[in-house]
Amino acid sequence: MSEVRAAILGTGRAYPEGILTNADLERMVETSDEWITTRTGIKERHRAADGEYTSMFAVQAARKAIERARIDPIDLGLIICATVTPDQILPSTGCLIQAELGANRAAAFDLAAACSGFLYGLTMADKMICSGQIRYALVIGAEVLTRYVDFTDRQTCILFGDGAGAAVMGPAKGERGILSTRIYSDGRYAEQLYSPGGGTRIRPSAESLASGMHYFKMKGNELFKIAVRSMTDVSREVLEESGYSPDDVKLFIPHQANQRITDAVASKLNVDSSIVYSNIAYHGNTSSASVPIALDECIEKGMVSEGDLVLLASFGGGVTWGGALMKW
């Protein structure tokens, strides 16, 4: 019996029509376009309107991915929604997505690994397909992060945007498919990026909301160093495991957190800037949606061809990180 390998069969993306520019932020908080651009590379980000929520964008992205994969939603055996901004506590956003899609035979759940969520989900789906337990999986990264941003905090409010990216995975044909994945976490750094309120530890109340306990808190300088080291190490690991070097990579898609982090990781891997994809200027940090949105854009732009090695890497709150190498 030949070994089954999983591959991405179709991708899709979606995000709000609303856009929050650096000029808009200048009118909201003490900052400037130059300050934001220099430190992050971000010029604008999508922002959900009142009445818009995470599963709306997840479903839109998923439908595109399913159509491009040329499968029926009923054939899906698994739906993973990677998100830290679910529609509600119960049921999972994954189940709400499943109902909207009519994927009635799929197991569905949410996965909370922050910005690494999509690669966590990709890893889980890969293993389930390779084991033969399922044939097709839908992995989604979807976030409405601007609901959890304190627009009086200029350190964090400039960073985050909203959107969703999705990928349908199934058995690979020929030599293509997922070659290696690795995921990690280190909870000792939890308070580098976290939202303290809203759970059972600091439950929602008038007092906790008034004090902003549900907003994102971040220690940027410390996170920068950990992010660069972690994404560099995991990228090397998946390459070495598959018998390749950074020179063999045709497209590198890192999590879009900060352009300076992207540049530092690319430098440490010694890969040419021409193969490193960046869309942070127009999306900001969309957490778990970042990598799948970028991948869908690259496919649409014709930046990846059959047989190309594609490297993905991410880092997020938790802290979590992950890497994946695939042959397109």
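Modeller: Terms first: two strands pair if DSSP finds at least two bridges between them. Helices (H or I, at least four residues) and strands (E, at least two) are DSSP runs, numbered from the N terminus. This is a predicted model: local features need pLDDT of at least 70, side-chain atom pairs count only at pLDDT 80 or more, and totals for chains, interfaces and linings use all residues. Residues are numbered from 1 along each chain as its sequence is written, and side-chain values use heavy atoms, with hydrogens and water left out.

Colleague: Fine. What is the strand order in the open sheet?

Modeller: β1-β7-β6-β4-β5, so written for 5 strands with mixed pairing. β1 (6–14) and β5 (107–111) are the edges; each has a single partner strand, so one side of each lacks a neighbour in the sheet. The twist averages 15° from one strand to the next.

Colleague: In which sense do β4 and β5 pair?

Modeller: Parallel, over 5 bridges, with β4 covering residues 76–82. L78 has A107 of β5 as its bridge partner.

Colleague: Which strands does α3 lie across?

Modeller: Helix α3 (residues 54–69) lies across β1, β4, β6 (136–144) and β7 (162–171), at about 135° to β1. Axes are lines fitted to C-alpha atoms, for helices over the stretch in contact (heavy atoms within 4.5 Å). Angles run from 0 to 180 degrees between N-to-C directions. Helix α10 (residues 290–300) lies across β1, β6 and β7, at about 95° to β1.

Colleague: Switching topic. Which residues touch the most others in the largest nonpolar core?

Modeller: I8, L122, M169, I253 and L312, out of 31 residues. Such a core is a set of buried (under 20% relative accessible area, 1.4 Å probe, protein chains only) Ala, Val, Leu, Ile, Met, Phe, Trp, Tyr and Cys residues joined through side-chain atoms within 4.5 Å. Helix α5 (residues 117–130) gives the most to this core, 6 residues.

Colleague: What does L312 touch?

Modeller: Not counting residues up to four places away in sequence, its contacts are L119, L122, I253, V291, G322, G323, A324 and M326. A second, separate core has 27 residues, including F57 and I140.

Colleague: And how far apart are R176 and M218?

Modeller: 39 Å, C-alpha to C-alpha, and 42 residues apart in sequence. R176 is in the loop between β7 and β8 (177–185). Beyond its neighbours within four places in sequence, R176 contacts R5, A7, I8, L9, K327 and W328.

Terms used: Buried < 20%, exposed > 50% of the residue type's maximum accessible area, 1.4 Å probe, protein only.
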